[in-house]
Number of protein chains: 2
Amino acid sequence: MYQNTSIKNNEDFVFKFTESCKEAGLKVTHQRIEIYRALLSSKDHPSAEMLHKIIAEKLPSISLDTVYRTLATFEQHDLISRINTSGSQARFEVVTTQHHHLICSRCNTVIDFHWPAFDEIDQPETIRNWGNISSKSVVIYGMCNICLGKS
Amino acid sequence: MYQNTSIKNNEDFVFKFTESCKEAGLKVTHQRIEIYRALLSSKDHPSAEMLHKIIAEKLPSISLDTVYRTLATFEQHDLISRINTSGSQARFEVVTTQHHHLICSRCNTVIDFHWPAFDEIDQPETIRNWGNISSKSVVIYGMCNICLGKS
DNA sequence: TTACTAAATAATAAATATTACTATTTAGCT
DNA sequence: AGCTAAATAGTAATATTTATTATTTAGTAA
């Protein structure tokens, strides 16, 4: 799986994260660690608001603004990545290994999948000459089986 | 190119569009035709607001709400597709041939590119068993050369 | 052509998501 | 232990999108 859920491994990622913050000149605050930790152990690609709710259990005084601001900062430093669904709220994830997304246009559920054959094929020239690439992935939109059953 | 800009061909698409509307039971209104036509001849994947500005030159009384509502309706009927950038506004396009997107995280410019090698490779099982797919494409985020030059 | 009806629109208000402001707190450094 | 710039909490403001309602119009059938 793309995300190892054992405590030890998650803590390894948290450690790497703190190192990356220091390298980037970002202060390692309680809030930042908790936001990163919550996102790391989330399997459902949460929104800022969903994360805020989770983190508020540990840090009741954390503000929603901090969550938004921090996620934006993390994204700028490529510590996390943003998933743009058709839903009104942006979604986030910690990327540990290359994967792709199946996104339901109805319930906005995001499913990860692997596609090694894709990861290996050569990129067209256009891509190489465009600029600095921070992520390259396949995004599939449609309606998931659960939603199909409902309608 | 993915989009033929000759008037004749665009009008062919407009005709097909009106046929699709009738099939779907959608009324063919001035507003809908102008919105579709404007999107069809736009090369910059415009937002609802950008489209509203363009269409207002022909139909000064058109409301922004109509543009939003109409784009949503078109999307539901797979007449157009939505591009989810990191920018605050959603972007749209008429899809005439299979293509993919390079999206700059700074200026949110969307560039189309073709990748026949991708279009041909086999899909993993996960995809086939997920639900009804309405679009499958490669999305690349990063910073374009223009923005790289600025910073 | 004219009249009918349901769908679509314009204008406006409301809701929602995100960002900005400011006083206070805190991490990292001396 | 104290200093300083960065980060945060609380709140306000902005921006985007959606809802409401009265009016208009496309499609249809007399």
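Predicted model: local features only at pLDDT ≥ 70, side-chain atom pairs only at ≥ 80, totals over all residues.
## The interface between chains A and B

Chain A and chain B each contribute 34 residues to the contact. On the side of chain B that touches chain A, two or more residues come from each of the following elements of chain B: β3 (100-104), β4 (110-113), α5 (116-120), α6 (125-128), β5 (131-144) and α7 (145-150). The largest share belongs to β5(B), with 14 residues. By class, this side of chain B consists of 19 nonpolar, 12 polar and 3 charged residues.

Of the interface residues of chain B, 100% are also interface residues in chain A, so the copies meet through the same surface. Strand β5 takes part from both chains: β5 of chain A (residues 131-144) pairs with β5(B) in the antiparallel sense, over 13 bridges. Within this pairing, Cys144(A) has Gly131(B) as its bridge partner in β5(B).

## Helix α3 of chain A

Helix α3 of chain A spans residues 48-55, and its buried residues are Ala48(A), Leu51(A), His52(A) and Ile55(A). Viewed down the axis of α3(A), these buried residues fall within an arc of 105°, so they line one face of the helix. An α-helix has 3.6 residues a turn, so residues three or four places apart point the same way.

The elements that cover the buried residues of α3(A) include α2 (30-40) and α4 (64-76) of chain A.

## The surroundings of DNA strand D

DNA strand D is surrounded by 27 residues. The closest are drawn from both protein chains: Gln31(A) and Thr66(A) from chain A, and Val28(B), Asp65(B) and Ser88(B) from chain B. By class, the surface near DNA strand D comprises 9 nonpolar, 12 polar and 6 charged residues.

Three helices each supply at least two residues of this surface, namely α2 and α4 of chain A and α4 (64-76) of chain B.

Terms used:
Residues numbered from 1 in each chain as written. Chains lettered and ligands numbered in written order. Contact = placed C-beta atoms within 7 Å. Helix = DSSP H or I, 4+ residues; strand = E, 2+ residues; numbered from the N terminus. Nonpolar A, V, L, I, M, F, W, Y, C, P; charged D, E, K, R; others polar. Pairing = 2+ DSSP bridges. Buried ≥ 20, exposed ≤ 12 C-beta atoms within 10 Å, placed from the backbone. Arc of directions from axis to C-beta. Near = placed C-beta within 6 Å.
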